2 protein chains.
Amino acid sequence: LTHSLTLTAIPRIPHIRPGDDVARLLLRALEEAGLALQDGDILAVAQKIISKAEGRQVRLADVEPGPRVVERAGKTPKDPRLVELILRESTSVSRLRPGVLIVRHRLGFTSANAGIDRSNVDPDGLEGEAVLLLPEDPDASAGNLRETIRAERGVNVAIVITDSHGRPFRLGTVGVAIGVAGLPALWDRRGEPDLYGFRLQHTDVGLADEIAAAAGLLMGQAAEGTPAVLIRGLRLPPGDGRATDLVRPIEQDLYR
Amino acid sequence: LTHSLTLTAIPRIPHIRPGDDVARLLLRALEEAGLALQDGDILAVAQKIISKAEGRQVRLADVEPGPRVVERAGKTPKDPRLVELILRESTSVSRLRPGVLIVRHRLGFTSANAGIDRSNVDPDGLEGEAVLLLPEDPDASAGNLRETIRAERGVNVAIVITDSHGRPFRLGTVGVAIGVAGLPALWDRRGEPDLYGFRLQHTDVGLADEIAAAAGLLMGQAAEGTPAVLIRGLRLPPGDGRATDLVRPIEQDLYR
(Lines give C-alpha, C1' and ligand atoms only; values in the text may rest on other atoms or scores of the structure.)
Protein backbone atom coordinates (compact mmCIF):
# COMPACT_ATOMS: atom_id res chain seq x y z
CA LEU A 1 0.00 0.00 0.00
CA THR A 2 3.03 2.26 0.22
CA HIS A 3 3.25 4.66 -2.69
CA SER A 4 6.78 5.12 -3.99
CA LEU A 5 8.31 7.05 -6.83
CA THR A 6 11.71 6.16 -8.28
CA LEU A 7 14.00 8.46 -10.23
CA THR A 8 16.92 6.89 -12.07
CA ALA A 9 19.71 8.78 -13.80
CA ILE A 10 20.09 7.20 -17.24
CA PRO A 11 23.78 6.34 -17.49
CA ARG A 12 26.18 6.59 -20.45
CA ILE A 13 24.25 8.90 -22.72
CA PRO A 14 26.79 9.86 -25.40
CA HIS A 15 27.70 13.47 -26.22
CA ILE A 16 24.99 14.74 -28.50
CA ARG A 17 25.80 16.31 -31.88
CA PRO A 18 23.63 18.23 -34.36
CA GLY A 19 21.33 15.85 -36.21
CA ASP A 20 21.50 13.11 -33.58
CA ASP A 21 18.30 11.15 -32.92
CA VAL A 22 17.86 11.72 -29.17
CA ALA A 23 14.96 9.26 -28.84
CA ARG A 24 16.99 6.37 -30.25
CA LEU A 25 20.09 7.32 -28.23
CA LEU A 26 17.99 7.38 -25.04
CA LEU A 27 16.41 4.02 -25.87
CA ARG A 28 19.85 2.50 -26.45
CA ALA A 29 21.24 3.95 -23.19
CA LEU A 30 18.22 2.66 -21.28
CA GLU A 31 18.59 -0.81 -22.72
CA GLU A 32 22.33 -0.94 -22.08
CA ALA A 33 21.51 -0.11 -18.46
CA GLY A 34 18.93 -2.90 -18.32
CA LEU A 35 16.03 -0.45 -18.01
CA ALA A 36 12.93 -1.29 -20.07
CA LEU A 37 10.41 1.52 -20.47
CA GLN A 38 6.87 0.92 -19.23
CA ASP A 39 3.56 2.67 -19.86
CA GLY A 40 3.24 5.60 -17.47
CA ASP A 41 6.98 6.22 -17.19
CA ILE A 42 8.17 9.79 -17.45
CA LEU A 43 11.41 10.78 -19.14
CA ALA A 44 12.89 14.09 -18.02
CA VAL A 45 15.40 15.31 -20.58
CA ALA A 46 17.73 18.28 -20.18
CA GLN A 47 17.12 21.03 -22.72
CA LYS A 48 20.79 21.08 -23.67
CA ILE A 49 20.81 17.74 -25.44
CA ILE A 50 17.62 18.58 -27.33
CA SER A 51 19.02 21.95 -28.40
CA LYS A 52 22.30 20.37 -29.51
CA ALA A 53 20.57 17.67 -31.53
CA GLU A 54 18.41 20.34 -33.15
CA GLY A 55 21.49 22.34 -34.16
CA ARG A 56 20.73 25.39 -31.99
CA GLN A 57 24.40 26.28 -31.53
CA VAL A 58 25.34 29.76 -32.69
CA ARG A 59 28.92 30.90 -33.23
CA LEU A 60 29.36 34.31 -31.64
CA ALA A 61 31.66 35.37 -34.48
CA ASP A 62 28.65 35.11 -36.81
CA VAL A 63 26.50 37.54 -34.77
CA GLU A 64 26.40 41.25 -35.67
CA PRO A 65 24.88 43.28 -32.81
CA GLY A 66 22.64 46.16 -33.87
CA PRO A 67 23.22 49.71 -32.57
CA ARG A 68 20.33 49.61 -30.07
CA VAL A 69 21.73 46.38 -28.70
CA VAL A 70 25.22 47.83 -28.29
CA GLU A 71 23.69 50.69 -26.28
CA ARG A 72 21.78 48.28 -24.05
CA ALA A 73 24.72 45.92 -23.72
CA GLY A 74 26.74 48.83 -22.36
CA LYS A 75 24.56 48.57 -19.26
CA THR A 76 25.71 44.98 -18.71
CA PRO A 77 29.15 43.43 -18.68
CA LYS A 78 27.91 41.00 -21.31
CA ASP A 79 29.28 40.45 -24.78
CA PRO A 80 27.10 42.59 -27.14
CA ARG A 81 26.82 39.64 -29.52
CA LEU A 82 25.32 37.59 -26.70
CA VAL A 83 22.93 40.44 -25.84
CA GLU A 84 21.90 40.58 -29.51
CA LEU A 85 21.03 36.87 -29.42
CA ILE A 86 19.18 37.21 -26.11
CA LEU A 87 17.03 40.03 -27.47
CA ARG A 88 16.37 38.19 -30.75
CA GLU A 89 15.02 35.29 -28.69
CA SER A 90 12.81 37.56 -26.55
CA THR A 91 9.62 39.57 -26.82
CA SER A 92 10.36 42.03 -23.99
CA VAL A 93 12.90 42.94 -21.35
CA SER A 94 11.69 42.31 -17.81
CA ARG A 95 14.70 43.74 -15.93
CA LEU A 96 17.99 45.20 -17.13
CA ARG A 97 20.58 46.04 -14.48
CA PRO A 98 24.37 45.75 -14.42
CA GLY A 99 25.07 42.06 -14.91
CA VAL A 100 21.37 41.17 -15.07
CA LEU A 101 19.28 40.71 -18.21
CA ILE A 102 15.92 39.08 -17.50
CA VAL A 103 13.65 38.75 -20.52
CA ARG A 104 10.39 37.27 -21.59
CA HIS A 105 11.42 34.59 -24.04
CA ARG A 106 9.41 34.31 -27.27
CA LEU A 107 8.02 31.06 -25.77
CA GLY A 108 6.64 33.10 -22.84
CA PHE A 109 9.06 32.08 -20.08
CA THR A 110 10.59 34.89 -18.04
CA SER A 111 14.20 34.04 -17.22
CA ALA A 112 17.75 35.28 -17.34
CA ASN A 113 19.47 35.53 -20.73
CA ALA A 114 16.61 33.88 -22.66
CA GLY A 115 17.90 30.49 -21.55
CA ILE A 116 21.03 30.92 -23.68
CA ASP A 117 23.93 29.04 -22.22
CA ARG A 118 27.59 29.37 -22.94
CA SER A 119 28.49 26.25 -21.02
CA ASN A 120 28.40 22.70 -22.31
CA VAL A 121 28.53 23.62 -25.98
CA ASP A 122 30.90 21.18 -27.57
CA PRO A 123 33.88 23.24 -28.70
CA ASP A 124 34.74 20.56 -31.25
CA GLY A 125 31.58 21.18 -33.19
CA LEU A 126 32.12 24.84 -34.06
CA GLU A 127 35.19 27.00 -34.40
CA GLY A 128 35.48 29.81 -31.89
CA GLU A 129 33.13 30.67 -29.05
CA ALA A 130 29.61 29.32 -29.38
CA VAL A 131 26.39 29.47 -27.39
CA LEU A 132 23.31 27.30 -27.33
CA LEU A 133 19.77 28.63 -27.84
CA LEU A 134 16.65 26.90 -26.49
CA PRO A 135 14.92 24.51 -28.90
CA GLU A 136 12.73 26.22 -31.49
CA ASP A 137 9.56 24.63 -30.01
CA PRO A 138 10.31 22.45 -26.95
CA ASP A 139 6.70 21.22 -26.65
CA ALA A 140 6.97 19.90 -30.21
CA SER A 141 10.38 18.38 -29.38
CA ALA A 142 8.78 16.60 -26.41
CA GLY A 143 5.92 15.39 -28.60
CA ASN A 144 8.38 14.04 -31.17
CA LEU A 145 10.34 12.15 -28.51
CA ARG A 146 7.13 10.64 -27.18
CA GLU A 147 5.93 9.62 -30.63
CA THR A 148 9.26 8.09 -31.67
CA ILE A 149 9.40 6.04 -28.46
CA ARG A 150 5.81 4.88 -28.98
CA ALA A 151 6.58 3.91 -32.58
CA GLU A 152 9.84 2.13 -31.68
CA ARG A 153 8.83 0.33 -28.49
CA GLY A 154 5.03 0.51 -28.26
CA VAL A 155 5.10 2.20 -24.84
CA ASN A 156 3.24 5.28 -23.76
CA VAL A 157 5.65 7.55 -21.86
CA ALA A 158 5.39 11.20 -20.87
CA ILE A 159 8.21 13.64 -21.62
CA VAL A 160 9.37 16.71 -19.72
CA ILE A 161 12.14 18.82 -21.25
CA THR A 162 13.83 20.68 -18.42
CA ASP A 163 15.87 23.81 -17.92
CA SER A 164 17.18 25.57 -14.80
CA HIS A 165 15.71 28.94 -13.89
CA GLY A 166 16.48 31.46 -11.22
CA ARG A 167 13.54 32.92 -9.29
CA PRO A 168 12.65 36.57 -8.54
CA PHE A 169 12.29 36.15 -4.77
CA ARG A 170 14.35 33.08 -4.01
CA LEU A 171 18.03 32.29 -4.48
CA GLY A 172 19.26 29.22 -6.33
CA THR A 173 18.19 27.75 -9.63
CA VAL A 174 15.60 24.99 -9.84
CA GLY A 175 14.56 22.68 -12.64
CA VAL A 176 11.52 23.85 -14.63
CA ALA A 177 9.61 22.36 -17.55
CA ILE A 178 10.05 24.06 -20.94
CA GLY A 179 8.61 21.19 -23.01
CA VAL A 180 5.89 18.69 -22.13
CA ALA A 181 4.11 15.80 -23.82
CA GLY A 182 1.79 13.14 -22.48
CA LEU A 183 0.89 14.69 -19.12
CA PRO A 184 -0.88 17.83 -17.91
CA ALA A 185 1.74 20.53 -17.24
CA LEU A 186 -0.71 22.25 -14.92
CA TRP A 187 -2.87 20.02 -12.74
CA ASP A 188 -6.25 21.56 -12.00
CA ARG A 189 -7.36 20.33 -8.57
CA ARG A 190 -10.14 22.87 -8.11
CA GLY A 191 -12.90 21.64 -5.94
CA GLU A 192 -11.19 18.54 -4.62
CA PRO A 193 -11.81 18.11 -0.93
CA ASP A 194 -8.88 18.51 1.43
CA LEU A 195 -8.33 16.58 4.67
CA TYR A 196 -11.31 18.11 6.46
CA GLY A 197 -13.66 18.45 3.53
CA PHE A 198 -12.89 22.08 2.70
CA ARG A 199 -12.37 22.80 -0.97
CA LEU A 200 -8.72 23.19 -1.90
CA GLN A 201 -7.73 26.84 -2.20
CA HIS A 202 -4.67 26.37 -4.39
CA THR A 203 -6.34 24.93 -7.39
CA ASP A 204 -3.51 24.49 -9.87
CA VAL A 205 -0.37 22.49 -9.23
CA GLY A 206 2.68 23.09 -11.43
CA LEU A 207 3.01 19.36 -12.02
CA ALA A 208 5.54 19.44 -14.86
CA ASP A 209 7.68 21.92 -12.93
CA GLU A 210 7.69 19.68 -9.87
CA ILE A 211 8.77 16.79 -12.11
CA ALA A 212 11.54 18.95 -13.61
CA ALA A 213 12.73 20.02 -10.15
CA ALA A 214 12.76 16.40 -8.97
CA ALA A 215 14.80 15.37 -12.01
CA GLY A 216 17.10 18.31 -11.32
CA LEU A 217 18.16 16.59 -8.10
CA LEU A 218 19.79 13.83 -10.16
CA MET A 219 20.82 15.93 -13.16
CA GLY A 220 22.92 18.09 -10.85
CA GLN A 221 24.52 15.26 -8.92
CA ALA A 222 27.37 14.12 -11.12
CA ALA A 223 30.17 16.52 -12.04
CA GLU A 224 29.83 15.42 -15.65
CA GLY A 225 26.06 15.92 -15.60
CA THR A 226 23.14 13.59 -16.21
CA PRO A 227 21.03 14.79 -19.14
CA ALA A 228 18.12 12.37 -18.70
CA VAL A 229 16.21 10.83 -15.81
CA LEU A 230 13.62 8.05 -15.79
CA ILE A 231 10.74 8.62 -13.35
CA ARG A 232 8.53 5.70 -12.45
CA GLY A 233 5.60 5.32 -10.08
CA LEU A 234 3.86 8.69 -10.33
CA ARG A 235 0.12 8.33 -10.78
CA LEU A 236 -0.38 10.87 -13.51
CA PRO A 237 -3.71 12.64 -13.82
CA PRO A 238 -5.20 12.36 -17.31
CA GLY A 239 -4.45 15.01 -19.86
CA ASP A 240 -1.88 16.05 -22.42
CA GLY A 241 -0.60 19.55 -21.74
CA ARG A 242 2.12 21.82 -22.97
CA ALA A 243 4.84 23.64 -21.05
CA THR A 244 3.42 26.93 -22.33
CA ASP A 245 0.39 26.18 -20.09
CA LEU A 246 2.75 27.11 -17.23
CA VAL A 247 3.34 30.62 -18.55
CA ARG A 248 1.47 33.24 -16.54
CA PRO A 249 -0.43 35.37 -19.07
CA ILE A 250 1.00 38.87 -19.38
CA GLU A 251 -2.26 40.41 -18.10
CA GLN A 252 -1.87 38.41 -14.86
CA ASP A 253 1.73 39.54 -14.42
CA LEU A 254 1.86 41.65 -11.25
CA TYR A 255 5.58 42.36 -11.58
CA ARG A 256 5.85 44.05 -14.96
CA LEU B 1 26.35 1.90 -11.19
CA THR B 2 22.89 3.32 -11.83
CA HIS B 3 22.05 6.17 -9.50
CA SER B 4 18.48 6.06 -8.22
CA LEU B 5 16.46 8.12 -5.83
CA THR B 6 13.33 6.81 -4.12
CA LEU B 7 10.52 8.86 -2.65
CA THR B 8 8.00 7.09 -0.45
CA ALA B 9 4.79 8.59 0.92
CA ILE B 10 4.71 7.73 4.62
CA PRO B 11 1.33 6.10 5.14
CA ARG B 12 -1.12 6.39 8.02
CA ILE B 13 0.13 9.54 9.72
CA PRO B 14 -2.63 10.43 12.19
CA HIS B 15 -4.38 13.81 12.27
CA ILE B 16 -2.09 16.13 14.17
CA ARG B 17 -3.33 18.13 17.17
CA PRO B 18 -1.71 20.98 19.12
CA GLY B 19 1.04 19.64 21.37
CA ASP B 20 1.58 16.45 19.38
CA ASP B 21 5.16 15.20 19.05
CA VAL B 22 5.55 15.04 15.26
CA ALA B 23 8.95 13.31 15.40
CA ARG B 24 7.62 10.40 17.42
CA LEU B 25 4.43 10.15 15.33
CA LEU B 26 6.52 10.02 12.14
CA LEU B 27 8.83 7.38 13.61
CA ARG B 28 5.83 5.27 14.60
CA ALA B 29 4.22 5.62 11.14
CA LEU B 30 7.51 4.70 9.46
CA GLU B 31 7.93 1.61 11.61
CA GLU B 32 4.34 0.51 11.11
CA ALA B 33 5.03 0.72 7.36
CA GLY B 34 8.18 -1.37 7.74
CA LEU B 35 10.44 1.56 6.85
CA ALA B 36 13.60 1.92 8.98
CA LEU B 37 15.38 5.26 8.72
CA GLN B 38 19.00 5.25 7.54
CA ASP B 39 21.79 7.81 7.72
CA GLY B 40 21.47 10.17 4.76
CA ASP B 41 17.70 9.83 4.45
CA ILE B 42 15.70 12.99 3.99
CA LEU B 43 12.26 13.55 5.50
CA ALA B 44 10.10 16.10 3.74
CA VAL B 45 7.30 17.23 6.06
CA ALA B 46 4.35 19.42 5.10
CA GLN B 47 4.24 22.71 7.00
CA LYS B 48 0.65 22.10 8.01
CA ILE B 49 1.37 19.30 10.43
CA ILE B 50 4.23 21.23 12.02
CA SER B 51 2.05 24.33 12.41
CA LYS B 52 -0.80 22.30 13.91
CA ALA B 53 1.46 20.56 16.40
CA GLU B 54 2.90 23.94 17.38
CA GLY B 55 -0.58 25.35 18.02
CA ARG B 56 -0.50 27.96 15.26
CA GLN B 57 -4.29 27.85 14.71
CA VAL B 58 -6.02 31.18 15.13
CA ARG B 59 -9.77 31.55 15.52
CA LEU B 60 -10.99 34.35 13.23
CA ALA B 61 -13.53 35.43 15.86
CA ASP B 62 -10.59 36.37 18.11
CA VAL B 63 -9.02 38.74 15.55
CA GLU B 64 -9.80 42.49 15.65
CA PRO B 65 -8.76 44.15 12.41
CA GLY B 66 -7.27 47.63 12.75
CA PRO B 67 -8.67 50.59 10.74
CA ARG B 68 -5.75 50.65 8.27
CA VAL B 69 -6.33 46.97 7.65
CA VAL B 70 -10.03 47.45 7.00
CA GLU B 71 -9.14 50.08 4.41
CA ARG B 72 -6.67 47.77 2.70
CA ALA B 73 -8.98 44.78 2.95
CA GLY B 74 -11.55 46.82 1.03
CA LYS B 75 -9.29 46.40 -2.00
CA THR B 76 -9.59 42.62 -1.77
CA PRO B 77 -12.57 40.32 -1.37
CA LYS B 78 -10.86 38.84 1.68
CA ASP B 79 -12.15 38.76 5.23
CA PRO B 80 -10.61 41.81 7.04
CA ARG B 81 -9.72 39.56 9.99
CA LEU B 82 -7.69 37.37 7.62
CA VAL B 83 -6.02 40.45 6.12
CA GLU B 84 -5.13 41.59 9.65
CA LEU B 85 -3.42 38.25 10.32
CA ILE B 86 -1.63 38.30 6.96
CA LEU B 87 -0.22 41.77 7.64
CA ARG B 88 0.77 40.88 11.21
CA GLU B 89 2.81 38.00 9.79
CA SER B 90 4.49 40.21 7.17
CA THR B 91 7.12 42.92 6.93
CA SER B 92 5.90 44.49 3.67
CA VAL B 93 3.28 44.20 0.96
CA SER B 94 4.69 43.12 -2.39
CA ARG B 95 1.49 43.42 -4.47
CA LEU B 96 -2.08 44.29 -3.50
CA ARG B 97 -4.73 43.94 -6.21
CA PRO B 98 -8.34 42.79 -6.13
CA GLY B 99 -8.18 39.23 -4.85
CA VAL B 100 -4.38 39.26 -4.60
CA LEU B 101 -2.32 39.95 -1.49
CA ILE B 102 1.33 39.03 -1.91
CA VAL B 103 3.53 39.89 1.04
CA ARG B 104 7.03 39.47 2.31
CA HIS B 105 6.59 37.20 5.31
CA ARG B 106 8.54 38.04 8.46
CA LEU B 107 10.68 34.97 7.65
CA GLY B 108 11.62 36.63 4.34
CA PHE B 109 9.59 34.51 1.91
CA THR B 110 7.48 36.38 -0.64
CA SER B 111 4.20 34.58 -1.18
CA ALA B 112 0.44 34.94 -1.24
CA ASN B 113 -1.39 35.50 2.06
CA ALA B 114 1.73 35.01 4.24
CA GLY B 115 1.29 31.27 3.90
CA ILE B 116 -1.89 31.40 5.97
CA ASP B 117 -4.24 28.64 5.02
CA ARG B 118 -7.89 28.25 5.77
CA SER B 119 -8.02 24.68 4.59
CA ASN B 120 -7.12 21.62 6.59
CA VAL B 121 -7.55 23.22 9.99
CA ASP B 122 -9.33 20.67 12.09
CA PRO B 123 -12.75 22.17 12.84
CA ASP B 124 -13.02 19.96 15.91
CA GLY B 125 -10.12 21.68 17.59
CA LEU B 126 -11.52 25.22 17.68
CA GLU B 127 -15.01 26.63 17.66
CA GLY B 128 -15.86 28.71 14.61
CA GLU B 129 -13.73 29.49 11.60
CA ALA B 130 -10.01 29.08 12.11
CA VAL B 131 -6.87 29.55 10.05
CA LEU B 132 -3.36 28.19 10.36
CA LEU B 133 -0.23 30.39 10.48
CA LEU B 134 3.23 29.19 9.44
CA PRO B 135 5.42 27.82 12.24
CA GLU B 136 7.09 30.51 14.37
CA ASP B 137 10.58 29.42 13.17
CA PRO B 138 10.44 26.54 10.66
CA ASP B 139 14.24 26.13 10.52
CA ALA B 140 14.21 25.57 14.28
CA SER B 141 11.27 23.16 13.89
CA ALA B 142 13.31 21.20 11.32
CA GLY B 143 16.31 21.17 13.65
CA ASN B 144 14.17 19.87 16.50
CA LEU B 145 12.77 17.07 14.34
CA ARG B 146 16.27 16.09 13.27
CA GLU B 147 17.60 16.12 16.85
CA THR B 148 14.69 14.13 18.25
CA ILE B 149 15.10 11.48 15.56
CA ARG B 150 18.85 11.30 16.22
CA ALA B 151 18.25 10.97 19.95
CA GLU B 152 15.51 8.35 19.54
CA ARG B 153 16.99 6.19 16.76
CA GLY B 154 20.65 7.18 16.41
CA VAL B 155 20.28 8.05 12.72
CA ASN B 156 21.38 11.18 10.95
CA VAL B 157 18.56 12.39 8.69
CA ALA B 158 17.99 15.69 6.94
CA ILE B 159 14.67 17.52 7.25
CA VAL B 160 12.87 19.77 4.77
CA ILE B 161 9.64 21.45 5.89
CA THR B 162 7.64 22.23 2.77
CA ASP B 163 4.94 24.63 1.69
CA SER B 164 3.33 25.33 -1.70
CA HIS B 165 3.99 28.69 -3.33
CA GLY B 166 2.72 30.36 -6.46
CA ARG B 167 5.29 32.01 -8.69
CA PRO B 168 5.33 35.50 -10.24
CA PHE B 169 5.86 34.41 -13.83
CA ARG B 170 4.60 30.86 -13.88
CA LEU B 171 1.20 29.35 -13.17
CA GLY B 172 0.68 26.54 -10.69
CA THR B 173 1.99 26.09 -7.19
CA VAL B 174 5.14 24.10 -6.47
CA GLY B 175 6.62 22.74 -3.27
CA VAL B 176 9.23 24.98 -1.65
CA ALA B 177 11.37 24.63 1.48
CA ILE B 178 10.47 26.85 4.44
CA GLY B 179 12.47 24.90 7.03
CA VAL B 180 15.72 22.97 6.62
CA ALA B 181 18.09 20.99 8.83
CA GLY B 182 21.01 18.71 8.02
CA LEU B 183 21.59 19.70 4.40
CA PRO B 184 22.62 22.83 2.51
CA ALA B 185 19.46 24.64 1.36
CA LEU B 186 21.50 26.36 -1.33
CA TRP B 187 24.18 24.30 -3.04
CA ASP B 188 27.12 26.37 -4.20
CA ARG B 189 28.58 24.72 -7.29
CA ARG B 190 30.70 27.69 -8.33
CA GLY B 191 33.78 26.71 -10.28
CA GLU B 192 32.81 23.10 -10.84
CA PRO B 193 33.61 22.00 -14.37
CA ASP B 194 30.71 21.20 -16.67
CA LEU B 195 30.68 18.55 -19.39
CA TYR B 196 33.27 20.29 -21.58
CA GLY B 197 35.44 21.78 -18.88
CA PHE B 198 33.82 25.22 -18.81
CA ARG B 199 33.09 26.59 -15.37
CA LEU B 200 29.41 26.36 -14.43
CA GLN B 201 27.62 29.66 -14.91
CA HIS B 202 24.69 28.98 -12.60
CA THR B 203 26.55 28.62 -9.37
CA ASP B 204 23.84 28.07 -6.80
CA VAL B 205 21.26 25.32 -6.93
CA GLY B 206 18.10 25.65 -4.83
CA LEU B 207 18.64 22.14 -3.47
CA ALA B 208 16.08 22.23 -0.65
CA ASP B 209 13.47 23.69 -3.01
CA GLU B 210 14.06 20.90 -5.53
CA ILE B 211 13.61 18.39 -2.70
CA ALA B 212 10.39 20.11 -1.63
CA ALA B 213 9.07 20.12 -5.20
CA ALA B 214 9.90 16.42 -5.59
CA ALA B 215 8.10 15.62 -2.34
CA GLY B 216 5.19 17.73 -3.59
CA LEU B 217 4.64 15.16 -6.34
CA LEU B 218 3.64 12.60 -3.71
CA MET B 219 2.08 14.98 -1.20
CA GLY B 220 -0.41 16.05 -3.85
CA GLN B 221 -1.26 12.58 -5.07
CA ALA B 222 -3.82 11.32 -2.59
CA ALA B 223 -7.12 13.14 -2.14
CA GLU B 224 -6.62 12.93 1.61
CA GLY B 225 -3.07 14.26 1.35
CA THR B 226 0.28 12.85 2.36
CA PRO B 227 1.98 15.11 4.90
CA ALA B 228 5.40 13.42 4.92
CA VAL B 229 7.67 11.78 2.37
CA LEU B 230 10.85 9.73 2.87
CA ILE B 231 13.58 10.43 0.28
CA ARG B 232 16.42 7.97 -0.04
CA GLY B 233 19.43 7.80 -2.35
CA LEU B 234 20.33 11.46 -2.86
CA ARG B 235 24.05 12.07 -2.42
CA LEU B 236 23.86 15.18 -0.30
CA PRO B 237 26.67 17.70 -0.46
CA PRO B 238 28.11 18.51 2.97
CA GLY B 239 26.68 21.41 4.92
CA ASP B 240 23.89 22.33 7.27
CA GLY B 241 21.85 25.22 5.91
CA ARG B 242 18.64 27.00 6.69
CA ALA B 243 15.63 27.70 4.50
CA THR B 244 16.21 31.40 5.02
CA ASP B 245 19.38 30.94 2.92
CA LEU B 246 16.93 30.66 -0.01
CA VAL B 247 15.51 34.14 0.56
CA ARG B 248 16.78 36.63 -1.99
CA PRO B 249 18.07 39.61 -0.01
CA ILE B 250 15.88 42.69 -0.39
CA GLU B 251 18.70 44.64 -2.05
CA GLN B 252 18.87 41.97 -4.80
CA ASP B 253 15.11 42.11 -5.36
CA LEU B 254 14.58 43.39 -8.91
CA TYR B 255 10.78 43.32 -8.64
CA ARG B 256 10.08 45.57 -5.68
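The model is predicted, so local features need pLDDT of at least 70 and side-chain atom pairs 80 or more, while totals for chains, interfaces and linings use all residues. Residues count from 1 along each chain as its sequence is written, chains are lettered from A and ligands numbered from 1 in the order written, and side-chain values use heavy atoms, without hydrogens and water.

Me: Why are A:Tyr255 and B:Tyr255 called an aromatic pair, and what makes the pair edge-to-face?
Reply: Over all chains, the structure holds 3 aromatic pairs. Rings of Phe, Tyr and Trp (its six-membered ring) pair if their centres lie within 6.5 Å; planes under 30 degrees apart are stacked, over 60 edge-to-face, and the rest tilted. A:Tyr255 and B:Tyr255 have centres 6.5 Å apart and planes at 85°, so the pair is edge-to-face. The pair crosses between chains, each Tyr255 sitting in the segment after strand S12 (228-232) of its chain. Strands here (E, at least two residues) and helices (H or I, at least four) are DSSP runs, numbered from the N terminus.

Me: Why is B:Tyr255 called buried?
Reply: Buried means under 20% relative accessible area, exposed over 50%, partly exposed in between (1.4 Å probe, protein chains only). B:Tyr255 has 2%, so B:Tyr255 is buried. A:Tyr255 also has 2% and is buried.

Me: What makes B:Phe169 and B:Tyr255 an edge-to-face pair?
Reply: Their centres lie 5.2 Å apart and their planes 65° apart, so the pair is edge-to-face. The pair links distant parts of the chain, 86 residues apart. B:Phe169 lies in the loop between strand S8 (158-165) and strand S9 (174-181) of chain B. At 9%, B:Phe169 is buried. Ring pairs join A:Phe169, A:Tyr255, B:Phe169 and B:Tyr255 into a cluster.

Me: How do you know whether B:Asn113 is buried or exposed?
Reply: Its relative accessibility is 19%, so B:Asn113 counts as buried. B:Asn113 lies in the loop between strand S6 (110-112) and strand S7 (130-132) of chain B. Neighbours within four places in sequence aside, B:Asn113 is in contact (heavy atoms within 4.5 Å) with B:Lys78, B:Ile86 and B:Leu101.

Me: How do you know that S4(B) and strand S5 of chain B pair?
Reply: Two strands pair if DSSP finds at least two bridges between them. S4(B) and S5 (residues 100-105) have 6 bridges, so they pair, in the antiparallel sense. B:Arg97 has B:Val100 in S5(B) as its bridge partner.

Me: Why are S4 and S6 of chain B at the edges?
Reply: The open sheet has the order S4-S5-S6 (chain B). S4 (90-97) and S6 each have a single partner strand, so one side of each has no neighbour in the sheet.
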